[in-house]
Amino acid sequence: MNPAAQAAPHVLVVEDDPHLAAGVLENLRAEGYEVSAASDGEQALAWLKGTRCALIVLDVMLPGIDGFGVCRTLREQGNNTPVLFLTARGDPADRVRGLESGGDDYLAKPFHLQEFLLRVRAILRRWDWYHSASATAATAVLSFGGNEVDFRAFRARAWNGEAQELTEKEAMILKVLAEHGGEIVSREDLLEKVWGYDVFPSTRTVDNFILRLRKRFERDPANPRHFLTVWGVGYRFLKDGEP
Amino acid sequence: MKSTRVFQLTTLALVLVSVVQVGWWLFDQRTFTATSVAATRSAYAEQAAAAQALLDAGTSPPRVTQLLPKIVVAEGRARIAPEVSAALDAAQRSRGLQYAWEGSFFLLALGLCIAVIARALRAEAHVLEEQDSFLALVSHQFKTPLASLQLSLETLALRAPAPEQARVLIERMLADLARMELMVTQILESARLERGRVEFKSEPLQLAGAVARVIAQLEERARQARVSITASIEPQLQVMTDPLALDVVVRNVLENALAALAPVGGGSIALSARALFAEVELSVRDSGVGFAPADGARLFEKFTRLHPGGGGGYYGTGLGLFIVRRLMELAHGRVSAHSEGQGRGACFVLSWPTVADAAGRRP
């Protein structure tokens, strides 16, 4: 077990409204999390330069850089800390925008406290699983078909020698598929394991991520040998490739 | 709104059809003139040929020109008289010019119609866009205190907190409710101001008295926030404005200064006034968080909050300074904000016309 995982997870709350920030911080503290607060995007980015945390609860409409911008900047800097967006704008287009900027989950204001805490737990559980599943030297690296993926560094070297930077979702999908090597994994299982319950409107998102993985790692993405589609069900990963 | 738009679009379509019609009319008239002149010229050419035949048959030239007056005979050859040919050219030119003038006039009038309708359509689209963004912003502004209220209530229900913690939560909820109430008041006020539905009186008012009244109302809050407010205003200074508007303007600027002082844990607000030519100028200087100099103008736009919440007990709605600007405009005055940068305080300057100058403005 990772010793860091045993300590209370540290959550950074980035919210410009003092009352809401205070309420969120108090509740997270009551649940046993260690908490820190930032009231704008610049402050959050500065804090994250020197400190690591397990989760960022990020308001979207912040003064200065907005929440989407903060998340994008973090991902560009190679920071894969999971992000839970809190926002007053809850329409589906905004939701997708938030997730495309690299967020893990999205909660519209006003929200239910229990649901918020549930989502925080779910994100941390998913990351905990990912980290413990990549903890040993044997599980941290996956080699298949001339490709080599480093799950801890979110980096890979493709069969043609090209260096690849993986997003956390790509890495997580690959991890789930590799853990169930040779077995069929349904789209719903992938969604549940990687995103949680109702984050994305459709399972088509999973299909798009599989296409991206094929482009990165298959010699002929049109005729995949490792990431196989099982029509109407889901996907199957073959480490040694389809004969 | 919808029927107006249908009317505007239908009119625009009709005007565009008219433009095409005028264009076609111009082309048609020009072609018709050219064809008519060519037909006349051809008829004269036939007369010239007939005259030549008569000459060749032995008819005397005077007789030929008597029979065909538009034909001249020179050196045994019959041809169209030069003045007739010139008259035909002149007629064609004059018709062409007439149509060009008439057509241009019609096209110009239609062009103006299109410009007016297009402008109205653009203005309407802008209003709709503004309404949409206003609604989005209003809903955002409301959802935050609502979320805070819900969170506090659910915390009370979920955790059964100790009495002192419950008290904190209740005070927070009361503050959230007060915030929403202030927001409703300010949104209605700004909507009224934007639509010009305000009765704005203009009367001479003693500035020092009005400022002192507002300071007295905010004194307790300032004391709790460790803010000292000082005012140095000559009692004889008078401004021309509405008494209620003066109260709202001074209060909003002072509340903004209090909000700017909350994140730095208190400080000072100094008010001073002076008479300048035809104006009376009130400066409100605070030692608060300040702002980037480039943000000075943006502060007076709707829903701009450069230091939201600020970490203290006061919440801006983002409408206070917008209302100040509109009320100052109605009083023929001005407002501006200056700061040397974040953390370096700010100064708001309000200028009203003096009593004598405002009297001169009246119709």
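Predicted model: local features only at pLDDT ≥ 70, side-chain atom pairs only at ≥ 80, totals over all residues.
Q: Where in chain A does A:D40 lie?
A: You will find A:D40 in the loop between strand 2 (34-38) and helix 3 (41-50) of chain A.

Q: What does A:D40 touch, leaving out residues up to four places away in sequence?
A: A:D40 touches A:D16, A:L62, A:P63 and A:G64. As for A:L58, it is 18 residues from A:D40 in sequence, and their C-alpha atoms are 9.5 Å apart in space.

Now for a sheet in chain A.

Q: Why do strand 11 and strand 12 of chain A count as paired?
A: Two strands pair if there are at least two bridges between them. Strand 11 and strand 12 (residues 234-237) of chain A are joined by 4 bridges, so they pass, and they run antiparallel. In this part of the model, A:V230 stands opposite A:G234 in strand 12 of chain A.

Q: What makes strand 10 and strand 11 of chain A edge strands?
A: The open sheet has 3 strands in the order 10-12-11 (chain A), with antiparallel pairing. Strand 10 (184-186) and strand 11 (227-230) of chain A each pair on one side only, and that is what makes them edge strands.

Key
Residues numbered from 1 in each chain as written. Chains lettered and ligands numbered in written order. Helix = DSSP H or I, 4+ residues; strand = E, 2+ residues; numbered from the N terminus. Contact = placed C-beta atoms within 7 Å.
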